[in-house]
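Please keep the model in view while reading.

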Amino acid sequence: MTNDHDEHDEEREDVVAEEEEEGMVLKRLKEELREAQRQRDDYLAGWQRAKADAINARRQEESARAEFMQMAAREVLQDFLALADSFEEALHSLQEEEKKRIMPLYEQLKALLSQQGVREIETKSGDTFDPTIHEALEGEGEGVEAILQKGYTLYERVLRPVRVKVKLNNQ
């Protein structure tokens, strides 16, 4: 019986050893799983940061491009305003017959500016001087005495201020 008992003890020891070995293997596998999950989370967080950085970079690039395009458009439109000023000066010095020939070109230029979002700033003599839309070229004071050059906005932003002569309101 001792032999059976010894065999049984050996089997039990083998089973315990196997269970301990399986427990060690299981413990090692659980640790490897935790490490793999940690790496996965790190990689995911890194990928998400990289994706957010790429989106932000694209937005900044688009914003910079749009700002550049607006600046370039403003420059070109200001050149067209100089052309419109020249047309107006010419129209004042021409005879009626000559004005009739030039007027369609001037109207076409005004239509082109309007299509691009350019609007004339409405100002008249007697208006209160507003430094956000007026530029005083002559005089000092608070009132607009005369308009020296028309001003324009481009989508609600001043493209060129109205250039005016100012006077004190009580004069």
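E156 lies in the loop between β4 and β5, where strands (E, at least two residues) and helices (H or I, at least four) are DSSP runs numbered from the N terminus. The model is predicted: local features need pLDDT of at least 70, side-chain atom pairs count only at pLDDT 80 or more, and totals for chains, interfaces and linings use all residues. Residues are numbered from 1 along each chain as its sequence is written, and side-chain values use heavy atoms, with hydrogens and water left out.

The phi of E156 is positive, about 70 degrees, although E156 is not a glycine. Most residues other than glycine have a negative phi. E156 counts as exposed, at 76% relative accessibility; exposed means over 50% relative accessible area, buried under 20%, and partly exposed in between, with a 1.4 Å probe and protein chains only.

The loop between β4 (152–154) and β5 (157–160) also holds Y155. Y155 has a positive phi too, near 50 degrees, and is likewise not a glycine. With a relative accessible area of 59%, Y155 is exposed.

Elsewhere there is an open sheet of three strands in the order β2-β6-β3, with mixed pairing. From one strand to the next the twist averages 45 degrees, where axes are lines fitted to C-alpha atoms, for helices over the stretch in contact, and angles run from 0 to 180 degrees between N-to-C directions.

Strand β3 and strand β6 (residues 162–167) run antiparallel and are joined by five bridges; two strands pair if DSSP finds at least two bridges between them. Opposite G143 stands K167 in β6.
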